[in-house]
Amino acid sequence: MKTQLIVCDRITHNEQAKGHQLGTVLNHQTIPVLPYALDLYILLKIFDLPQGKSIDTHFEFNNDRGERLGKTAMTVLRNYRADDQIPGVDKDFAFTLVLTEPGIVHIKCFADGEEAAWYPLTIRLQEEEHQAS
């Protein structure tokens, strides 16, 4: 089983195209103040999922020191692909993460209790960005 994460500023489901439309893919985000409530959208792609198997997934958000910033509830996922495709699932999630400091947020996806993928998101404070210029 292979897992990928893409973090964006928005994701919309396109029913007609039977897929997801991604906004801006984020590697960093500048916020104006602390604390700050940041809306994040995550596209989780799982492929090579064994046929007929469901998996329990959840996300954890940690800072550079390994301290947990947040954790989601469990979501059960299973294959929804056609027989001529590699079994898997694409699922979008929306979260609001309360940030109290700049730095790197490690977004981790767990599948059946094991870390399956992670994504780094750098958080910058607007005044610090101006000082660096």
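This is a predicted model: local features need pLDDT of at least 70, side-chain atom pairs count only at pLDDT 80 or more; totals for chains, interfaces and linings use all residues.
Two strands are counted as paired if DSSP finds at least two bridges between them. Strands (E, at least two residues) and helices (H or I, at least four residues) are DSSP runs numbered from the N terminus.

View 1. In general, the strands of a sheet pair through backbone hydrogen bonds, either parallel or antiparallel.

**View 2. The pairing of E1 with E5.** Strand E5 comprises residues 36-47 and runs antiparallel to E1, to which seven bridges join it. Ile6 has Leu43 in E5 as its bridge partner.

**View 3. The whole protein.** The protein contains eleven strands and one helix, and the order of elements from the N terminus is β-β-β-β-β-β-β-β-β-β-β-α. Taken along the principal axes, the C-alpha atoms fill a box of roughly 55 × 35 × 20 Å. Of the 133 residues, 35% are buried (under 20% relative accessible area, with a 1.4 Å probe and protein chains only).

**Note on the model.** Residues are numbered from 1 along each chain as its sequence is written, and side-chain values use heavy atoms, with hydrogens and water left out. Local features need pLDDT of at least 70 and side-chain atom pairs count only at pLDDT 80 or more, whereas totals for chains, interfaces and linings use all residues.

Note on methods
Buried means under 20% relative accessible area, exposed over 50%, partly exposed in between (1.4 Å probe, protein chains only).
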